[in-house]
Amino acid sequence: MPRPTTSSPSQRMLRVAEQVRHALSETLQRGEIIDPLIENTVVSVSEVRMSPDLKVATAFVSPLGAKDTDAVVEALNKHAKFVRGRVSGALRQMKFMPEFRFKLDTSFDNFARINDLLKSPEVARDLGPEDQENADQDKDGNKDTE
């Protein structure tokens, strides 16, 4: 059977990635990693991407309340083998336990940057009166019904 040539993840990859994300979140929530940097930081796992062979899991994390987010990600990568062992119980249905790689999730920064651009005076200048009225209604969170 020929393999699809698309670069989008398969349904299986998406399902396994979500299971891995849940197992990883539970492990981090329990505070099983003995590292002062990780213990004092709330780590949010926003997404996990699996390799096509399901042997590598790339977890995108957001350290909340940490001054040096890169140091937290580095510490997580240092403890990746320990995390792999702790998560293995929740993922025992998998044939191979994936290798974990942690990366900083910058999607929230991108969303904030786009939001700031949309609220800039240059964009407001290009909006017509009707567009401006709709933008004001969206900003207030309610629509005026006449």
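1. Glu-18 is partly exposed, with 34% relative accessible area. Bear in mind that this is a predicted model.

2. That pair belongs to a set: the structure holds five salt bridges. Another one links Arg-49 to Glu-47, with 2.9 Å between the closest N and O atoms. Arg-49 counts as partly exposed because its relative accessibility is 46%, and Glu-47 is partly exposed too, at 33%.

3. Arg-101 and Glu-99 also meet through their side chains in a salt bridge, 3.2 Å from N to O. Here Arg-101 has 40% relative accessibility, so it counts as partly exposed; Glu-99, with 37%, is partly exposed as well. Elsewhere, salt bridges with shared partners tie Arg-30, Glu-32 and Arg-86 into one network.

4. Thr-27 lies in helix H1, which covers residues 11-30, and counts as buried because its relative accessibility is 1%. Leaving aside residues up to four places away in sequence, Thr-27 touches Glu-32, Arg-86 and Val-87.

5. Now the rings. A search of the whole structure turns up one aromatic pair: Phe-100 and Phe-102, stacked with centres 6.3 Å apart and planes at 15°. Both Phe-100 and Phe-102 are buried.

6. One more ring to check is Phe-96: the charged end of Lys-55 sits over it, 4.3 Å from the ring centre.

Technical notes:
Residues are numbered from 1 along each chain as its sequence is written. This is a predicted model: local features need pLDDT of at least 70, side-chain atom pairs count only at pLDDT 80 or more; totals for chains, interfaces and linings use all residues. Side-chain values use heavy atoms; hydrogens and water are left out. Rings of Phe, Tyr and Trp (its six-membered ring) pair if their centres lie within 6.5 Å; planes under 30 degrees apart count as stacked, over 60 as edge-to-face and the rest as tilted. Buried means under 20% relative accessible area, exposed over 50%, partly exposed in between (1.4 Å probe, protein chains only). A charge sits over a ring if NZ of Lys or CZ of Arg is within 6 Å of the ring centre and within 35 degrees of the ring normal. Helices (H or I, at least four residues) and strands (E, at least two) are DSSP runs, numbered from the N terminus. Contact means heavy atoms within 4.5 Å. A salt bridge is a side-chain nitrogen of Lys or Arg within 4 Å of a carboxyl oxygen of Asp or Glu.
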